[in-house]
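Dear colleague,

I am handing over the structure below, and after it I describe what was found. Please keep it open beside you while you read.

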Amino acid sequence: MAANFWTSTHYKQLLEQEEVDVVHQIDKDRGITLDDAKLIKFHMSNYITKLAQNVKVRQRVVATAITYMRRVYTSRSLTEYDPRLLAPTCLYLAAKAEESTVQARLLVFYIKKLYPEDIRYRFEIKDILEMEMKILEALNYYLIVFHPYRSLTQFLEDAGMMDLMQFTWGIVNDTYKMDLILIHPPHLIALACIYIASVSKEKDSIAWFEELRVDMNVVKNISMEILDFYDSMKNNIDERINIAFRKLPLRS
């Protein structure tokens, strides 16, 4: 992996918000809105996490898989790339990229175990292998992903707030239910999570943040995005997800 984020393909692939908030025409034709797309990706992020717990891979693999999934949908449609297949295949590919290989047959086994009655989640090994090639093409074979976790640990240690590690780590995990990793450098996401945690736990971190050579307006804006996301997830989330998924085509 490239040692420097600023010279990596990850940095070169950072997008603007409007480039991420896209709904492809083929999806629009099915009545899929931007809110629907966000809900589907949110649900698939949770699905990847659940599947990863069964096959027992590290959190870094989960984060990389979700990043791949979100990157793919900036250029490919939900209609043509079934998220129920794309999500586990992203986990399969991420496990390889992060040197924690998971066998495709193991994924197939646990997919069927998690959704025994739902034929929409019924895939075979060949389906995953075929989708893997489509994902690689959609990603332009750029597989390097930097995550906020390393910066988070370093920042908390420097700030003398290691007691916030577990709480802040959980917030970082939640950022993968959003598209932040496609838009912002990982260290700024880490700082936003620390900012939220320090305010929530009434830690006096003002002086420490002032010593950092970062744009605090950006950090605070990311923090607000995270808090707004938490608020948006409170309202009939399961029902809204089900409505969004009903707009996807049925598998033949």
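Tyr 176 is buried, because its relative accessibility is 2%, where buried means under 20% relative accessible area, exposed over 50% and partly exposed in between (1.4 Å probe, protein chains only). This is a predicted model, in which local features need pLDDT of at least 70 and side-chain atom pairs count only at pLDDT 80 or more, while totals for chains, interfaces and linings use all residues. Residues are numbered from 1 along each chain as its sequence is written, and side-chain values use heavy atoms, with hydrogens and water left out.

Rings of Phe, Tyr and Trp (its six-membered ring) pair if their centres lie within 6.5 Å, and planes under 30 degrees apart count as stacked, over 60 as edge-to-face and the rest as tilted. By this rule there are 15 aromatic pairs. In one of them the ring centres of Tyr 149 and Tyr 176 are 6.2 Å apart and the planes are at 10 degrees, so this pair is stacked. Because Tyr 149 lies in helix H9 and Tyr 176 in the loop between helix H10 (165–175) and helix H11 (180–183), the pair ties together parts that are 27 residues apart in sequence; helices here are DSSP runs (H or I, at least four residues), numbered from the N terminus. Tyr 149, at 7% relative accessibility, counts as buried.

The rings of Phe 155 and Trp 208 have centres 6.0 Å apart and planes at 75 degrees, so they are edge-to-face. Phe 155 belongs to helix H9 and Trp 208 to helix H13, 53 residues apart. Phe 155 is buried at 17% relative accessible area, and Trp 208 is buried at 10%.

With regards

Note on methods:
Helices (H or I, at least four residues) and strands (E, at least two) are DSSP runs, numbered from the N terminus.
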